[in-house]
Amino acid sequence: MIRTICCIGAGYVGGPTMAVIADRCPEVQVTVVDLNQSRIDAWNDVDLSKLPVYEPGLDQVVGRCRGRNLHFTTRVEAAIANADMVFLSVNTPTKTKGVGAGQASDLRWIEASARQVAACAQGHTIVVEKSTLPVRTADTVKSILSAAQGEVAGAGSPKTFSVLSNPEFLAEGTAIPDLESPDRVLIGGEDPAAIESLASVYGNWVPQERILRTNLWSSELSKLTANAFLAQRISSINSIAALCEATGADVNEVAHAIGTDTRIGPKFLKAGPGFGGSCFQKDILNLVYLCGHYGLSAEAAYWQSVVDLNTWQQDRIAQLVVQRLFGTVTGKRIAVLGFAFKADTNDTREAPAIRICKDLLEEGAQLAIYDPKVPAYQMGADLATEPQDAPTGGPLSGEGVWQRVATPAEAVAQADALLILTEWASFAQLDWADLAPRMRKPAWLFDARSIADLAAARAAGLQVWRVGCG
Ligand code: UDX
Ligand code: ADP
C-alpha cells in the first residue's frame with residue numbers, strides 16, 4: 001500500500017500529474033520537489049492564478065488538495081527519505097553538445113535525481129520514470145540505484161529499489177481531463193509487486209482495463225512511438241496543405257474527407273504552422289538516434305524527414321509573408337497573434353512562433369506580439385533579444401525589433417499584416433470591422449491556424465491567406 005509519494009520535478013508534467021493523483025487518492029501524501037525555489041514559491045502562491053503552469057482546471061485541483069495531501073517544497077532529501085514511491089519527472093532536453101548532440105536526450109538531470117534517490121531513500125522504494133526518456137534509460141537508473149542497494153541508513157531497514165516506467169501521455173492545454181480520464185495508463189517493469197502497487201494508485205480512478213502492463217523497454221519505446229506517430233500525422237497533413245495551396249484544394253475539406261475513414265480517424269489532422277511542444281521533436285530525434293545506433297539508417301532517415309518537414313513548414317510560412325508583402329518586410333509592422341506552442345498553455349518550448357518570428361526579425365520586420373498567457377520575458381528568452389523599449393502599442397522604430405503588446409488592437413495599429421500562430425479561442429472572435437481600419441493598407445491576414453472568420457476579414461477590406469487553402 002502506497003502512503004507517500006515524492007515527485008522530483010515540479011514542471012508541466014510533474015505538477016499537474018501529482019495534483020490529480022493527490023486529488024484522486026486522498027489517503028496518499030504527495031510531495032512535489034524542485035531545486036528551483038521560485039517555481040516552488042509559485043506553486044505555493046495563495047493566488048492560484050499565479051501557478052507556474054497554466055492549465056485549464058489546474059487551479060481548482062491544486063486549490064482542493066494543496067496543504068491537505070499535496071505539498072510543494074525544495075526539501076528534496078526529506079521528501080525522498082519519506083517516500084514509498086518516487087517519480088522522476090525532471091527535464092530531458094535534446095543534447096546541445098557532445099556525442100549525440102542535436103538528437104540524443106541530455107540525461108544529466110535524470111542521473112542527478114537518480115543519485116539523489118540512491119543517497120536519500122530509506123527501506124524499499126519504487127522509482128518511477130515519468131519523464132520522456134530514450135529507450136533503456138531504466139538501465140541507467142537501475143545501475144545507479146543498485147550501487148546503493150543494501151546500505152542501511154541509521155536504524156532503518158536496508159535500501160532496496162524497483163524501477164518502473166510509466167510514461168505520461170497528457171497533452172498540455174488538456175492535461176487535467178487527460179489525467180482524469182486517460183485513454184490508457186502504461187506501466188512497464190520487471191517486479192510484479194511494484195507494478196501492482198502503481199496500478200493500485202491509478203486504480204483509484206482509472207478502470208483496470210485501461211491500465212496496461214508491459215516490460216520496461218516496451219513501455220519506454222511506446223511513448224516515443226506514440227509521439228512519433230502523432231507528429232508524423234501533422235507533418236503529413238502539412239505537406240498536403242502546401243499541395244492544396246498550389247492546386248486550389250482546401251486542406252480542411254481533405255482532412256475531413258480522409259478523417260471519416262475509420263482506419264484513419266479525424267484527430268490530429270489539423271494543418272498549421274508545424275508542431276511544437278517539449279515532446280514531439282525531442283522524441284523523434286531520440287528515435288532517429290536510436291535507429292542510427294542500431295545501424296537502421298533508412299528508418300532513421302524516415303523519422304528525420306518528419307522533423308525536417310516541420311521545420312520547412314515554419315520557414316515556408318515566414319517566407320510567404322515576406323513574398324505577399326511585396327518581397328520585403330524591412331521596417332514593416334507585423335502583428336503576431338499567439339506565441340505559445342498551442343492554445344490553453346503558457347508553454348513556448350519549440351513553439352513554431354519562435355522560428356517564424358526569428359525569420360521575420362531576420363528579414364527586418366517590426367513585430368508586435370500578443371499572447372494571452374506568455375509574458376514578455378519568456379518571448380525575449382525564446383527570441384534571444386530584448387524587446388524594444390517603446391510605449392506599448394505605439395510605433396516601433398528600426399529593423400528586426402519586437403514588443404509584446406496587451407491586446408490584438410494594439411498589435412495591429414498601423415501594421416501591414418496580422419499573423420495568427422496559436423489557435424487561442426478568442427482569435428475566432430476577432431472583430432475585423434474594428435481591427436482592419438487600424439491597419440495600413442493594403443493589409444494582410446495570414447491565418448496559419450484556420451481559426452479566423454475569413455469572410456468578415458475580407459469584408460473589412462483585408463487580403464487573406466489561410467494555411468492549406470488554395
Ligand atoms: C504531446 C502528446 O499529444 C502527448 O500525448 C505527450 O504526452 C506529450 O506530447 P503536447 O505536445 O502537450 O502533447 O500537445 P499536442 O496536443 O500533442 O500538440 C503538439 C503540437 O502539435 C502543437 O504545436 C499543436 O499545435 C500541433 N498540432 C496538433 C497540429 O499542428 N495539428 C494537429 O492536428 C494537432
Ligand atoms: P516537464 O515538461 O518534463 O515537466 P519541466 O522543465 O517543466 O519539464 O520541469 C522539470 C523540472 O525538474 C524543472 O522545474 C527543474 O528545475 C526540475 N529538476 C531538474 N533536476 C532536478 C533535481 N535533481 N531535483 C529537483 N528538481 C529537478
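I started with the crossing of α9 and α10, and it is right-handed. I am working from a predicted model.

I then looked up which residues make this contact. From α9 I noted I237, I240, A241 and C244. From α10 I noted V251, V254 and A255. I sorted the residues of this contact by type: seven are nonpolar, none is polar and none is charged.

Next I took the geometry of the pair. α9 covers residues 216-247 and α10 covers residues 251-259. Their axes come within 9 Å and cross at roughly 135°. Angles over 145 would count as roughly antiparallel, and 65 to 115 as roughly perpendicular. I therefore logged α9 and α10 as oblique to each other.

I turned to α12, residues 297-324. Here α9 packs at an angle of about 45°, with the axes 9 Å apart. Angles under 35 degrees count as roughly parallel.

I listed the contact residues on each side. In α9 they are A228, F229, A231, Q232, S235, N238, S239, A241, A242 and E245. In α12 they are Y302, W303, V306, L309, N310, Q313, R316 and L320. By type I got 10 nonpolar, six polar and two charged. I marked A241 in my notes, as it is listed in the contact with α10 and in the contact with α12.

**Ligand 1**

How many residues surround ligand 1? I counted 19, and the closest are F169, E172, K270, K342 and R449. I then checked polar atoms against the oxygen atoms of the ligand. A polar backbone atom of F169 is 2.7 Å from an oxygen atom of ligand 1. For L170, a backbone N or O atom lies 2.9 Å from an oxygen atom of ligand 1. R449 uses its side chain: an N or O atom there is 2.8 Å from an oxygen atom of ligand 1.

**Ligand 2**

I found 16 residues around ligand 2. Y12, V13, D34, R39 and R349 come nearest. Y12 has a polar backbone atom at 3.1 Å. V13 has a backbone N or O atom at 2.9 Å. R349 has a polar side-chain atom at 2.8 Å.

Methods
Residues numbered from 1 in each chain as written. Chains lettered and ligands numbered in written order. Predicted model: local features only at pLDDT ≥ 70, side-chain atom pairs only at ≥ 80, totals over all residues. Heavy atoms only, no water. Axes fitted to C-alpha atoms, helices over the stretch in contact; angles between N-to-C directions. Helix = DSSP H or I, 4+ residues; strand = E, 2+ residues; numbered from the N terminus. Left-handed = near helix turned anticlockwise from the far one by under 90°. Contact = heavy atoms within 4.5 Å. Nonpolar A, V, L, I, M, F, W, Y, C, P; charged D, E, K, R; others polar. Near = heavy atom within 4 Å. Polar contact = N/O pair within 3.5 Å; in protein donor to acceptor, adjacent residues only side chain to side chain.
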